[in-house]
Amino acid sequence: MKKNHLFAIGLCILILASCSKNEIPAPPQSGPAKGLYVLSEGSFGQNNTRLGLYDINNNQFTGNYFAQQNPAFPLGLGDTGNDLLLYGGKLYIVMNVSSYVMVINPVTGKFIDSISFRTGAGLPKYPRNAAAYGNYIFVTSSDGTVSAIDTLSLAITHSTPVGLNADGIVAANDKLYVTNSGPFTSGYDSTISVINPYNFTETERIVVGKNPVGIAADESGNIYISCQGDYATHGPSLVKLNTASLSITKIADTATSVIKYFNGSLYALGGFLGSPHPRKLSIVDFSAQSANFITDGTPLISPYNITIDPQNENVYIADAKDYVSAGEVFCFDKNGKKKFSFSTSPGVNPSKIVFIR
Amino acid sequence: MLLLLLHPFVNIILFLKKHFSYIILLTFSCTVCYSICMAQKTDTLPNVKLHSKKPIHNILAQVPVQILQKNELEKISNNNVADAVKYFSGVLVKDYGGLGGLKTVSVRSLGAGYTGVLYDGLPISDAQAGQVDLGKISTRQLSQIQLYSGPINNLLLPARTYAYGAVLALQSREAADSFTKTQSILSLQGGSFGFINPAAQISFKTGNKLIHRINGSYLYSQGDYPFKVYENTGAIQRRQNDDMQTTRLEYDLQYAFSDSNTLQIKAYYYQATQGIPGGVIIYTNNSRQRLYNKNDFIQARWQKKLNSNTRVLLGAKYNYDYKLYRDPDFIYSSDGLENKYRQQEMYVSAAADKKLSSLFTIGISSDYFINSLQRKDKLTTPFASPVRYNWLSHAAVQSHGKKIQAQAGILYYHQQEKVKTGNAARPVHKLNPALSLAWQPFQDDGLSLRLSYKSMIRPPSFDDLYYTLVGNTALRPEQSQQWNMGIAGKKIFPGFLQWASLTVDMYENRVRDKILAVPRQNLFQWTMLNIGKVHAYGVDAGLLFKTKYIDAKMAQLRIQYSYQKSLDVSDKNSNLYKTQLPYTPVHSGSIMGQLTVHQWEFAASGLFSSYRYRLGDPVPDNIVKEWATIDLYLAYSGVLTKNISCKPFISLHNILNQQYEVVRFYPMPRFHYRMGINVNL
């Protein structure tokens, strides 16, 4: 559903490395992945978000790595972790229901800081997803704001109002793009917000399609938006938008939830009543380059998120299975053949993955 | 052997299925006509006492029956039925803590929707949730609670009663058998966490035959009990938004045409305003959801004994339920969420039983009722506003030999729905047989072996079918079968120890097409599906010792134990195949001792539960710890004047000050107390 912005972020780092004045020195993000951080969302209300660490060389998974490395937090991260972002040598964990962002050292897994997400009245903002740009982490929240966290002070310095239930966020073409999914009580929103990351203001709001959620960017200034529809009269759609002209260049009525851009293709999971298989779609006309990315018959029960390692083109699919018991992460090669898999026990509903190199 | 027994039923089922609509109409109208005609006949025989006010605790019956009497209820409970039934074996109360928290009761892993509740002889139900919240029914006005597991061996009950896996029969407190003038009971209770609960009951007669009873109570509880926070700080926090305020008023009228011909009318008013505290979410603390609930009903029940062989029962009821739910922090709406649900039920019931010979009795009963649900809120999605028409008919034959008693019954279940918008649920028509057998092998009747079988359905609730975005109108009813095999023995002694009894029952339940909520595409969108299968088996055991009342001294000890395996057998390929269902302890039980010495009454009671898993995976991460609580009770019965007696009491709850959870992240109250006084005028 939400995208992992790794690739876009990687791009941002590359782009910004030349233009940003005071960037933080980051450990190298190149070379083969040594390990994977896997964020398992847990079950709503169970306070069982788990950050696990998978050691690729030794094929070993530590399911509750965060709690193991941080005895001061015996119960772990809290409730419903929605996003995981590695940037500038820090790992940011966006905790939706517990309403804060945890910052840890990606090398040791140790606590650095936690950033509370509260409204002026002290109510939870319910942060959803994060994207990095310059010296800031931009985090969408269900209360309809995008908060900017200064990566040095780890404080929220700006809050930009966007649409209610702001969900996905991606950086592209020197701007941030936010999907406003909107409250279902009033029939959902249909827009995305464009944010200027230099003055923290919303510059545009563009109608894209009912209930926009997933968002991804390519390297040529296009963004892709997965609209869920209202599950009744308005069907789902997939939208391509040119960020230079801010015009929609393609709309298809295919159902998607999570979309990831990599190397000229979109990797998509089926949305509400969509395809049960992970698909590879053409970015030109959204036709299926492969209707089922998995070619060796590996059975997936509930594909929940998809992450591509740009270094070796491995595709990781997190399977939430029955959503109440331990999930499983599958690693496929670029041709859709399984390389390995591991159980995320005790993690339930594994979703976001970050590579440690 | 069971299959052989069931064979005749299969043919009947096939025939009935073919002609089902005629048969419902026929059986229903026949039952009603028969009952009405018979009821109008003048009494031809001398009056016979209709039902003894003193219930007979027949532990040797064909199916397990457990009872809590008034004197036990006042000693154990925190005021509501859900707390009281924790003392029965095989019963699992999912308790979300505090007075305002939801409390659902499931018996032998069948799910709360299989537990039927009778209040003074007629069913109370909630078609929206499919289960009754027993936390909101006070025990203050009850004289007893009975729990039947399996087919009930009483043929003069509303047809609906035979549809449930277990039935909780609640009996409200009646006035003394033969009182001549006005009787009043006044009581006042108070206790920890801002609890106050005044209640009053007045009973009086007009003329010779008309008895009135008015009973009311008010309850306020701040509910802000302290608990140790889950974060590592060790700090103590108070539970938030757990306050509750209820007003209950009941009026009962009993008109005795004769001893064997009684009309009972009951009017019930209940109103509650409460917080919904929610589970503790670590690192954040926000709970502002509120519920306003109003529940009114009026019911009439007419039971008449026509002659020494035949009895009839007619019942009617109108139930109105209104719920207003507010969540100011609902994130999918700009200004919070507000739901208003209005639920109504119109209900008529007729039943008759007839003794054919000294060996056989037959009974028939039929229920017709209409449930409707309306919603009003700001949601743009239209609501189905379902109306459900139900016909239930039951026929059974009983043989009561000296050493062998048996019963065979069949229930016809029909349901049809109409909706304003969208699809209506599938119609339901099902036949469910039930059998039971008891054998007393010895002369002195002190030992009984029993066996029973029952097949059941649990139709989807309105929430299962029509809940916005979640409901699924394609659902089928859940189908379940239960078997019970048990041994019951009692011994009556001549000395101070008067009574000892032991019951041990083994059971097996299988549930198919269990309705479960499943996330559709992410955790914020769920749907209901018929995907579950459960295989449960276990042992319920009960031990009771009672002494005579000699020299103003009396003692009683009751021990209940349950062993329960409840396995998820939905999917052979799942990790969860054959794992214990969440929140089902393998071992649980209760103990209660009471002592009366002259004017003093003392009781000690305890509950325990072994550890459980909160989610399917049996891993340490999911363990909810074992717990045990101990409560104490002390009361003194005093006489103020010739006509006024009073009984002050104090009860101490969770005296070991344990912080425990029944449901993970819903901390239960630690030590608390209640004290109060009852005055009889």
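Author: What follows is a walk through the salt bridges of this predicted model, pair by pair.

Side chains of opposite charge can pair when their charged atoms come close. Over all chains, the count comes to 39 salt bridges.

In chain A, the side chains of A:Arg357 and A:Asp309 meet in one of them, with a distance of 2.9 Å from N to O. A:Arg357 lies in the segment after β28 (350-356) of chain A, while A:Asp309 belongs to strand β24 (residues 303-309) of chain A, so the pair ties together parts that are 48 residues apart in sequence. Buried means under 20% relative accessible area, and by that cut-off A:Arg357 is buried at 16%, as is A:Asp309, whose relative accessible area is 0%.

Turning to chain B, B:Lys323 forms a salt bridge with B:Asp321, and the closest N and O atoms are 2.9 Å apart. Here B:Lys323 counts as buried with a relative accessible area of 18%, and B:Asp321 is buried at 5% relative accessibility.

A further salt bridge in chain B brings together the side chains of B:Asp505 and B:Arg450, at 2.7 Å from N to O. This pair links distant parts of the chain, since B:Asp505 is in strand β24 (residues 497-519) of chain B and B:Arg450 is in strand β22 (residues 447-458) of chain B, 55 residues apart. B:Asp505 is buried at 2% relative accessibility, and B:Arg450 is buried at 3%.

Finally, salt bridges that share partners join B:Asp120, B:Arg213, B:Arg248, B:Glu250, B:Asp252 and B:Lys266 into one network.

Definitions and conventions. Residues are numbered from 1 along each chain as its sequence is written. Chains are lettered from A and ligands numbered from 1 in the order in which they are written. This is a predicted model: local features need pLDDT of at least 70, side-chain atom pairs count only at pLDDT 80 or more; totals for chains, interfaces and linings use all residues. Side-chain values use heavy atoms; hydrogens and water are left out. A salt bridge is a side-chain nitrogen of Lys or Arg within 4 Å of a carboxyl oxygen of Asp or Glu. Helices (H or I, at least four residues) and strands (E, at least two) are DSSP runs, numbered from the N terminus. Buried means under 20% relative accessible area, exposed over 50%, partly exposed in between (1.4 Å probe, protein chains only).
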